[in-house]
Amino acid sequence: MTQNSEQQELLTVNSGEAFQPFNWSVGKYGSKFLAEIRDNQRFIGIKCSKCGRVYVPPRKICGRCYVEMDEFVPVSTEGEIGVCAIIQFGFIDPSTGHQEPVPYGYAFIKLDGADTYLPYYIDSTDPEKVKVGARVKAVFEEKRSGTMLDIKHFVLID
Amino acid sequence: MGKRVAIVGFGQTYQRSSRKDVNGPELINEAVRTALEDAGLTIKDIDAIVIGNMDHFEGVNYVDSWSVEGSGGVMKPIFKLTTGGTTGSTVAMAGYYHVASGIFDRVLAIGWEKNSESDTTGAIVTAFNPVWERPRFGGAIAGLAVEASKYMHNYNVTERDGARVAVRERLHALNNPYSHLHQEWMKSMEIEQIVDLLVSSEENQMLAYPLRMSDMCPRTDGAAAVIFASEDIAEKIAPRPAWVVSTHNRHNYSLLGDIDWDNNDTLEGASKAVFKDAGIKEPLKEIDVCELYLPYSYAGLKWMESIGFCGPGEGPKLVWDGVTDMDGELPVNPSGGVMSSNPIGATALLRVGEGALQVMGKAKDRQVKGGDVNYAFTTGFGGCNWADVMLLGKKKPS
């Protein structure tokens with residue numbers, strides 16, 4: 001290989017403004033959960049008849065017991081932060097193609113009555129208070145269309 | 001009972017932030033050629049190939065098909081695997097199973113990634129549930145930051161504790177010419193000084209508390225290849241092969257909200273199974289070296305506890321005491337680990353290959369224990385807390 005060819009420019013090609021829309025099935029149980037948020041601003045979970053664990057969002061199979069679940073139970077719109085972070089780096093959300101505005105608070109919330117965590121945005125106006133164990137409450141959007149984005153965010157209470 | 005299996009060859013590319021000088025098949029070929037040369041084999045000797053990466057990262061699917069010239073796989077049986085961060089350890093496990101079954105004698109396991117060709121965070125987000133976890137899930141950094149928040153809360157762990165792990169990884173990387181990050185400036189300073197600098201520097205950007213730039217792995221272009229051989233021929237190919245003593249993996253839940261954030265139970269489960277197979281009762285004493293998939297600094301504390309190297313909350317002391325440094329009782333990541341090089345589909349295979357080098361006594365400047373390694377413990381980690389574990393050993397398993 002000659003010195004000249006070593007120095008030749010290395011080209012890349014770009015995918016351009018390509019986009020590909022997807023449609024994801026939410027399923028019967030998930031649809032019920034989202035409809036409950038849309039219509040009543042409430043959360044529901046599902047309880048395993050064997051281990052008693054309450055899953056939010058609801059799904060058909062308890063992974064631990066491998067049994068089909070069908071007992072829907074109401075859970076609170078309030079809960080506790082299990083783990084959390086305040087995200088300060090920008091990235092493109094591949095579901096929308098838009099840049100996520102930063103900083104934003106993000107936590108896994110154990111709603112009262114649930115045994116699993118719901119991951120969602122936390123109002124981080126007061127970042128010092130976004131802590132493991134802090135109490136939070138859901139705030140819903142005025143116009144709701146049956147997606148998780150019907151929840152505006154969770155705000156700190158107490 | 002299947003065949004016993006050993007690693008007889010390992011090859012890797014130089015891991016760099018961007019390898020614009022090669023396309024995918026050419027990058028793969030660099031690692032394959034190096035592995036064949038290491039084992040003294042030709043591509044004709046290879047019976048089957050297992051290859052993996054995260055195909056949607058590069059936006060090009062079917063790597064098993066389009067890379068055949070580079071992998072050497074023309075008209076050979078090829079399996080493709082894509083399991084996220086564990087892709088490299090999964091191709092290793094599959095390579096092992098192919099040979100252990102008795103169906104193939106020499107199998108090539110390949111992992112690769114060109115992270116420079118994608119938006120890695122955007123790509124990682126697509127690995128998570130579109131209905132329940134997107135869009136607020138900010139990829140690997142956010143997922144790991146939340147884990148750190150709980151660990152810090154539980155045990156009063158500080159940012160300095162995390163930084164101590166990062167410093168170890170980057171200091172070790174200075175011994176590894178293949179590593180992506182070489183932070184030469186660290187050489188002239190004391191560990192405590194570097195730690196203080198990292199946690200106080202404004203240039204060391206906060207990404208998501210408590211994770212700064214220095215707490216995270218980089219995005220890397222690179223490839224790795226490992227050759228597995230059956231017990232019938234392994235010692236003829238390599239005078240001192242690295243035997244696969246045991247390997248296990250564990251998955252738990254599909255949604256991150258179902259995870260037990262206090263423990264990495266998949267890593268714990270897979271590690272326990274491997275130690276049981278090997279008859280290891282005191283992992284800290286009996287394991288000689290680790291190549292652990294630690295994608296961020298706090299994993300080097302908490303996950304040490306999950307594996308069973310120390311009790312809950314004892315990770316920071318173990319690391320500060322120097323136990324996991326090159327000259328410590330249990331050197332961790334002599335290669336510099338994931339925090340110094342992260343070509344995602346290759347990353348976990350690099351752990352296996354580097355572990356094999358340690359057992360074979362071929363790790364050069366990053367060799368530990370003067371080349372006398374009995375057991376090397378390697379892991380792979382995937383985004384929703386799933387884990388692969390492989391224990392390599394000097395002695396042929398009974």
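**Exercise 1.** Determine whether B:Arg160 counts as buried, partly exposed or exposed.

*Solution.* The relative accessibility of B:Arg160 is 29%; since buried means under 20% relative accessible area, exposed over 50% and partly exposed in between (1.4 Å probe, protein chains only), B:Arg160 counts as partly exposed. The model is a predicted one, in which local features need pLDDT of at least 70, side-chain atom pairs count only at pLDDT 80 or more, and totals for chains, interfaces and linings use all residues. Residues are numbered from 1 along each chain as its sequence is written, chains are lettered from A and ligands numbered from 1 in the order in which they are written, and side-chain values use heavy atoms, with hydrogens and water left out.

**Exercise 2.** Which side chain meets that of B:Arg160 in a salt bridge?

*Solution.* The partner is B:Glu192, at 2.8 Å from N to O, where a salt bridge is a side-chain nitrogen of Lys or Arg within 4 Å of a carboxyl oxygen of Asp or Glu. This pair links distant parts of the chain, with B:Arg160 in helix H8 and B:Glu192 in helix H9 of chain B, 32 residues apart; helices (H or I, at least four residues) are DSSP runs, numbered from the N terminus. B:Glu192 is partly exposed as well, at 44% relative accessibility.

**Exercise 3.** Why does the end-to-end distance of helix H15 of chain B agree with its number of residues?

*Solution.* At 1.5 Å times one less than the number of residues, the 17 residues of H15(B) should span 24 Å, and its end C-alpha atoms are 25 Å apart, which agrees.

How values were computed. Helix = DSSP H or I, 4+ residues; strand = E, 2+ residues; numbered from the N terminus.
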